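I opened the notebook to look up a few things in this model before going further. I wanted the overall build of each chain, and then some details at single residues.

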Amino acid sequence: MDTEKQAIIKKLVDDVGTEDLVVVIGAADPEVAQVTAETVTFGDPSFAGPLAGVSLRLPVYHILEPEVKEAVPQDMYQEQAGFMELVANTQEIGKIFKEIRDRIRET
Amino acid sequence: MYDPVIKACSHVLIHVPGFVRYGSKPSREIEDSPTSLLPTIEAHLRTFEQAVEYPPNQVFIGNLHPDHLNSIEQPWYRHPVANASRCGPYGEIMPEEEFLGLMKLADDFDLMWLDKEAMPMLKEALQSHSLWKNTDLGKLDTAVENTRIRDRIQNDGSIPLYHRGCIVGCMHRHHEKDDALKAAVLMENLMAKTSGALALAHLLQNADIRADEVDLILNCSEEAVGDRYNRGGGGLAKAIGEMCRCVFATGCDIKAFCVGPIYALVQAVGLVKSGLFKRIVVVGGGSLAKLGMKFRGHLAKDMPILEDVLGGLAFLVVVNDGESPLIRLDSFGKHDIGSGSSQQSIMESLVVKPLHRMGKKITDVDRYAVELQNPEVTVSAGSGNVPLTNYRMIGALAVLGGEIQSGEIDRFVLEHGMPGFSPTQGHIPAAVPFLGHAIDAIKRGEIKNAMFVARGSLFLGRMTQLSDGLSFLIEKNPGKKSGGD
């Protein structure tokens, strides 16, 4: 996750707090999605960006998870994300994100 | 009619471990913690032999086919190619000592000083190179004392040049207050010029034509040559052509982020088709800024820093020679400003629309070349497997078009795609590193066509939120020569 996006997330947290904030990630590549999710929950693993050592513990979801899909108008979802459902390995992504959310709850 | 073909190509790599510290990412981070980081970076640099033996690099210069990477266990850096050669059918992998000498040959403003003690070694290295041994190497005799080099580094904003850990020279600024002419920028530009010239020299040899037969050069490198009044003004095409003695050519620079090479090829094709020019070279030199871009990820996994090479590409577009694959003029796909930004609409614009125009299906194209970044470089740094995602998108379009079932996407990727093998040098991975392989495979009758799909991130320049993309298809030449030559 590049430092600029990390800075945006950090500023949002500074402005509105973590309570009502959920991060939705769209990367189709499971590894990219995982690194991004871990950065906004447990901090920047490369220790290079604004989230280095900052554990925000924000709840993270992927745009291709059913919880998000249900919350978006179906026509819009189909237009913007329907194609990526075909491209991405949604099962693997779902598993990764559930695991990360479980880790947030446990720690 | 003047039907255009891509007659020849060259793909070169230059191994420059001494310059990794000057890549944009490493230089910024070294500045923050110089004592701890620089030694760690240096400990993770590869030798020239390791860079030559690295399987993706062997694919890049044409000694291995991209499919061969599917049979080599990853990580590829742990599975070197036995008896690997630095030379291949499309170009070479040049070592740093030769490149330093070549940079001095490219230097027309005494921007670069080389150390008197290092000079004999650098000159000897270049003298033994088949493409440069007959060139006037007089510039290499103007070496200076080490004390003068150190003085300029300490007092005048010059940047030290390293080779095997020793200072072998320096780059000067050419104006005290002009950011466009500071040493770091001039070094970046000179490296793009030099690597572009190396690619062009190989192209002329591969195409077996004289330098004075070229009449137009289009440079698609990612540098920004200019001064404070016209940053990015251009001129590198002619600078590269001059170095290779293309005395009857003119030229200009084409800028389009990573899609630059495809835009340049499209323009070359149009200009040959119109009859305005007969032999057009598209050339792109390497990008210093991108060296070590993902080094953090590589260090975190205790891997060698794989972004230690500059890339260079060159292509020759001429009228139909009756042999080389034809560029289908009705095959160009473009991402219009109003096309929409979803991944689906981008890929439909670049793949489906042009194929429909030609009356073809997605599965009618034997091979697709997409952004061909080496995944070993990017996955380890959390940036994903770029070519694989692009191939899966094309496969998904085939599913939507009813050509294949969703469960067949993996097979589609294996049969119509390839593993990425290009260094992450911006414009260099833009589909075109497969051109050499594609031209040869079409000529041998192994495939009938190949489609090249490149995408760019215009938003990086902060002037628009748009993405970009361009595509084209080449196919077997039926053998009829067109007139006009």
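Predicted model: local features only at pLDDT ≥ 70, side-chain atom pairs only at ≥ 80, totals over all residues.

**Entry 1: chain B as a whole**

I looked up the secondary structure of chain B and found 16 helices and 14 strands. The radius of gyration of chain B is 22 Å, close to the 23 Å that the globule rule gives for 485 residues, so I take chain B to be as compact as a globular protein of that length. I also noted the extent of the C-alpha trace of chain B, which spans about 70 × 50 × 50 Å along its principal axes.

Turning to burial, I found that 61% of the 485 residues of chain B count as buried. For contacts in chain B between residues at least 6 apart in sequence, I noted that 75% join residues at least 24 apart. The accessible surface of chain B comes to about 19200 Å², and carbon and sulfur atoms hold 50% of that surface. I looked up the charges too: chain B has 50 positive and 58 negative ones, and their mean positions are 3 Å apart.

**Entry 2: chain A as a whole**

Chain A has five helices and two strands, and I wrote down their order from the N terminus as α-β-α-β-α-α-α. A compact globule with 107 residues would have a radius of gyration near 13 Å, and the 14 Å that I found for chain A agrees with this. The C-alpha trace of chain A spans about 35 × 30 × 25 Å along its principal axes.

In chain A, buried residues make up 39% of the 107 residues. Of the contacts in chain A with a separation of 6 or more, 65% come from residues 24 or more positions apart. I put the accessible surface of chain A at about 6000 Å², with 53% of it belonging to carbon and sulfur atoms. The mean positions of the 10 positive and 20 negative charges of chain A are 4 Å apart.

**Entry 3: helix 10 of chain B**

I then followed helix 10 of chain B, residues 260-274, which has 15 residues and reaches 21 Å from its first C-alpha to its last, close to the 21 Å expected at 1.5 Å a residue. Which residues of this helix are buried? I listed B:G260, B:P261, B:I262, B:A264, B:L265, B:A268, B:V269, B:V272 and B:K273. After helix 10 of chain B comes B:G275, and I noted that its phi is positive, near 90°.

**Entry 4: B:K123**

I placed B:K123 in helix 6 of chain B, residues 119-127. Is B:K123 buried or exposed? Its relative accessible area is 19%, and buried means under 20%, so I record B:K123 as buried. Not counting residues up to four places away in sequence, B:K123 touches B:L137, B:L140 and B:D141.

**Entry 5: B:G169**

B:G169 is found in strand 5 of chain B, residues 166-171, and I noted that B:G169 is buried with a relative accessible area of 0%. Leaving aside neighbours within four places in sequence, B:G169 is in contact with B:W113, B:L114, B:D115, B:I149, B:I153, B:I159, B:P160 and B:L161. I also looked up B:R148, 21 residues from B:G169 along the chain, and the C-alpha atoms of B:G169 and B:R148 are separated by 9.8 Å.

Note on methods
Residues numbered from 1 in each chain as written. Chains lettered and ligands numbered in written order. Heavy atoms only, no water. Helix = DSSP H or I, 4+ residues; strand = E, 2+ residues; numbered from the N terminus. Expected span 1.5 Å × (residues − 1). Buried < 20%, exposed > 50% of the residue type's maximum accessible area, 1.4 Å probe, protein only. Rg over C-alpha atoms; globule rule 2.2 N^0.38 Å. Contact = heavy atoms within 4.5 Å. Areas by Shrake-Rupley, 256 points an atom, 1.4 Å probe, with all protein chains shown as cover. Lys, Arg positive; Asp, Glu negative; His and termini not counted. Charge placed at Lys NZ, Arg CZ, Asp CG, Glu CD.
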